[in-house]
Structure formats: structure tokens, C-alpha cells
Amino acid sequence: MILGVVLALFVVAAVVAFVKAPTRRELPPSGQSPSVEVPPTGEMAAPGEAATDVAATATATPSPVIDLDQPPPSAGRLVRLRSRLSRSQSTLGRGLLTLLARDTIDEETWEEVEDTLLTADVGVSATQQIVEALRTQVKVLGARTPDQVRTMLRDQLLVAVGADGDRALHTAPHDGRPAVLLMVGVNGTGKTTTCGKLARALVGDGRTVLLGAADTFRAAAADQLATWGARVGADVVRGDEGADPASVAFEAVKSGVEQKVDTVLIDTAGRLHTKQGLMDELGKVKRVVERQAEVDEVLLVLDATTGQNGLIQARVFSEVVDVTGIVLTKLDGTAKGGIVIAVQRELGVPVKLIGLGEGPDDLAPFEPDAFVDALLGEPMEVAQ
Ligand code: GDP
């Protein structure tokens, strides 16, 4: 009898515990998120099939309701962060201003001008064009005031950087669907960090954002993204380490459409493997995403400190996927600001964003005027 009562109590307790068990979406976002099935890594199946396969493989991790950060809007950031370019500034901008302010500019000085541009990674053909244009200007001007030198150099650098190009970042929803941005590039360039920073900037601009952690080859990447997302209230869709990146990307866009967010940002893996492998992987991610929404931007993330190596990476990526914009990271840590000019020439694609530090808001829309002004420093500083 007593045994019967104890048994009955135990059964009731077990039922209550089961009913009260938290659902998946109530679980905390990182670390303890439920493990998910590793999806097949083969080629994507037919669209209908893909939708069901994929839905089972990635997990939407809602950001917990905590005190959210309120990031500043993106406008005017480059001006605020201009001091971060100081190392580029002293080498490129100030170096050139000093040389061109000399009373007589002989061949040796022109060689120094050329060396200064080349050292700052401007690239050979752009350097030749800039030097040619400056030579003509100097002949026309004759004796030059410091102000004239500055204006002349500013004009030429602006031409080289390209003041007229369309650098708008397409992040607004359209046709009732979110804008979709793919972040591509070699690991270590700052892709995941840029995804997080960009999510913050977009939230600061009043948009709703969802993040897709399709860099499934690095477990830390998804955790990193989850932390960024949690700080600004952006959900993160992630899969297991080694999961099919296309599956995660698919599920992220699906969630983004369902939740009616403005922008979906997808972080991809950037292993340096064969060009064919890269092409297959990124091509597949893009194709799968495009079954649900247009891919509005493919942003290539490049580390500005890697010089020629970065340019080689840029070439490979641009051959495998249609890059629509470049993000140059780590411009705070290099004297080689000229890479902006070189990489745009190499790819024929504009630099749209620049990374100027490891802080959460150290990402700025690229503005040619503000950039060139930052390179040249304040007029007062130059006169000293
Ligand atoms: P991923 O492998 O391409 O995703 O690279 P991560 O996003 O993990 O970044 C690699 C490292 O670069 C991290 O230590 C970042 O903090 C750092 N990083 C990213 N962007 C910048 C930047 O603009 N400036 C500096 N100084 N560091 C950056």
C-alpha cells in the first residue's frame, strides 16, 4: 500500500517535471545551446527537399532579454574614428605634404614621393598616375603655399580613391523580404568581428537584424557571433561544428523571412583551400539562400595589414563569387592606407566599410573625403 502511494507520487512528480521542461527557444544562447544534427555535406538536394533537411539542422538562438547595448548610428563614424588612421596618416599623408612643400622639387624628391606611395601599398599603376598628375600641377603652380600643396594633394588622392563611386550598402528590406548580406574572406581577416560590428551599426540605425553563423568550421565563430548578437538583441541561427554552411545560411534566411527582420547577415567559412572547393562552397551557400531571398551584398573582408597577400586573396574570391563591396579591416594597425586604392583597382569594386579597431563600434562606412582628410591630418598640424 505504502509502496503504491510512493510510486504514484513519483509518477506525478515526473509528469510535472516533464510539462515544465523549457522549450528550445527558452534555452540560453551560447555554450548550453542544444546540439543539432550534423547535416550531410554533399551537394544540396532539390529545393523542396532542401527546405525540410535544412530546417532540421540549424538552431535559431534567440537573444536573451537583457540590458541591450544602444550602438551609435553609422553616419559620421569615420570622422569620429579618424585618429585611428594616424599611422597611415604620418607615413602617407604627412610624408607627401612635407615632400611637396619643398621649394624645389627635383627628380630625387619625385622618387621619394613615389616611394612614399608605394610603401603605403598604393600600387604601381596608381602611384604612376598620381605622380604624373602631381608633376603637372607643380609645373602649373610654380611656387606653392602650404595650402595649395594640401589642396593639390587632396584632389589627387580623391581622384585615386574614387570620390564618385556608389558605396551604398544595401541593407534595407525589399519586396517584403529582408536584405541578405554574405560576408566572405579568409579566416583571421576579421569576418566574424565585422558581422558583429555591422549588426550593431545596423541596430544603431534602427534596423532589425538576424545573424547566420555559417562559418561552421570554427566552433568559436558561432559563439563569437552569438555574443555579438546577444548584446544588441539580434537572433543568431547556428549549426553544429562541421555542419553544412549552406544549411545554416538557408535556415538563417528562412528565420529572417518568418521574423520579418530588415537584414540578415551571414558569416561564412574562409578556409584557405582549393579554389574549386571555395567556389563550390560559396556558390552553394549563395544558390541555397537565393531560393528564398535575393543576396543583396557579397562583402569581401580583407585585412589591410596583409598587403600583397590580401590582394591575391581578393583576386581569388572575386573569381569565385560576385563581390559587391570590400571591407578593409585593421586599418588602425597599419601604415599602409594606400591599400584602399590598390584593392579597388584590383577588383573594380568599391571599399564600403573599414575596420578601425577591435572595439564594438570601430567599423565605419567608407567616405572618400573623410578618409583623405584623415590621411592628410589637420591643416594646422601640417604647418607645424
Ligand atoms: P575571422 O576568422 O575572419 O572571422 O576573424 P575574426 O573576426 O575572428 O577576427 C580576427 C582578429 O582580428 C580578432 O582578434 C579581431 O578582434 C581582430 N580584428 C577584426 N577587425 C579588426 C580591426 O578593424 N582592427 C583591429 N585592430 N583588429 C581587428
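Colleague: Where is the place of D175 in the chain?
Modeller: D175 is in the loop between α7 and β2 (179-184). Keep in mind that this is a predicted model.

Colleague: What is the phi of D175?
Modeller: It is positive, about 55 degrees, although D175 is not a glycine. K260, also not a glycine, has a positive phi of about 55 degrees too.

Colleague: Where is K260, and why is K260 called exposed?
Modeller: K260 sits in the loop between α10 (245-259) and β5 (263-268). Its count is 11 other C-beta atoms within 10 Å, and the limit for exposed is 12 or fewer, so K260 is exposed.

Colleague: And G359: where does it lie, and why is it called exposed?
Modeller: G359 belongs to the loop between β8 (351-355) and β9 (363-365). With 11 other C-beta atoms within 10 Å against a limit of 12, G359 is exposed.

Colleague: Take T192, then. Why does T192 count as buried?
Modeller: Buried requires 20 or more other C-beta atoms within 10 Å. T192 has 25 C-beta neighbours inside 10 Å, so it counts as buried. T192 lies in helix α8 (residues 191-204).

Colleague: Which residues is T192 in contact with, leaving aside neighbours within four places in sequence?
Modeller: The contacts of T192 are D215, A221, Q224, L225 and D267. A213 is 21 residues from T192 in sequence, and the C-alpha to C-alpha distance is 8.7 Å.

Colleague: How do you know how α6 runs relative to α7?
Modeller: The axes of helix α6 (residues 124-141) and helix α7 (residues 146-161) come within 10 Å and cross at roughly 150 degrees. Angles over 145 degrees count as roughly antiparallel, so α6 is roughly antiparallel to α7. The crossing is right-handed.

Colleague: Which residues meet there, and how many are nonpolar, polar and charged?
Modeller: From α6 there are A126, Q129, I130, A133, L134, Q137 and L141, and from α7 Q148, M152, Q156 and A160. By class this contact has seven nonpolar, four polar and no charged residues.

Colleague: At what angle do α5 and α6 cross?
Modeller: The angle between helix α5 (residues 107-119) and α6 is roughly 145 degrees, and their axes come within 10 Å. This crossing is right-handed. W110, V113, E114, L117 and L118 in α5 meet T127, I130, V131, L134 and R135 in α6. The classes are seven nonpolar, one polar and two charged.

Colleague: What makes you call α12 and α13 what you call them, as a pair?
Modeller: Helix α12 (residues 307-320) and helix α13 (residues 339-347) pack at about 25 degrees, with axes 10 Å apart. An angle under 35 degrees counts as roughly parallel, and therefore α12 and α13 are roughly parallel to each other. α12 passes α13 in a right-handed crossing.

Colleague: Which residues of α12 and α13 meet?
Modeller: G307, G310, L311, A314, R315 and S318 in α12 meet I339, A342, V343, E346 and L347 in α13. This contact has six nonpolar, three polar and two charged residues.

Colleague: Which residues are buried in α13, and what follows α13?
Modeller: I339, V340, I341, A342, V343 and Q344 are buried. G348 follows α13 and has a positive phi, near 65 degrees.

Colleague: Which members of the largest nonpolar core touch the most other members?
Modeller: They are A199, L211, A249, L265, I266, L300 and L328, out of 98 residues. Helix α9 (residues 219-232) gives the most to this core, seven residues. Beyond four places in sequence, A249 touches G212, A214, I266, V285, V288 and V289.

Colleague: How many helices and strands are there, and how much of the chain counts as buried?
Modeller: The chain has 15 helices and nine strands. Of its 384 residues, 45% count as buried.

Methods. Residues numbered from 1 in each chain as written. Predicted model: local features only at pLDDT ≥ 70, side-chain atom pairs only at ≥ 80, totals over all residues. Axes fitted to C-alpha atoms, helices over the stretch in contact; angles between N-to-C directions. Helix = DSSP H or I, 4+ residues; strand = E, 2+ residues; numbered from the N terminus. Parallel < 35°, antiparallel > 145°, perpendicular 65-115°, else oblique. Left-handed = near helix turned anticlockwise from the far one by under 90°. Contact = placed C-beta atoms within 7 Å. Nonpolar A, V, L, I, M, F, W, Y, C, P; charged D, E, K, R; others polar. Core = buried A, V, L, I, M, F, W, Y, C linked by C-beta atoms within 7 Å.
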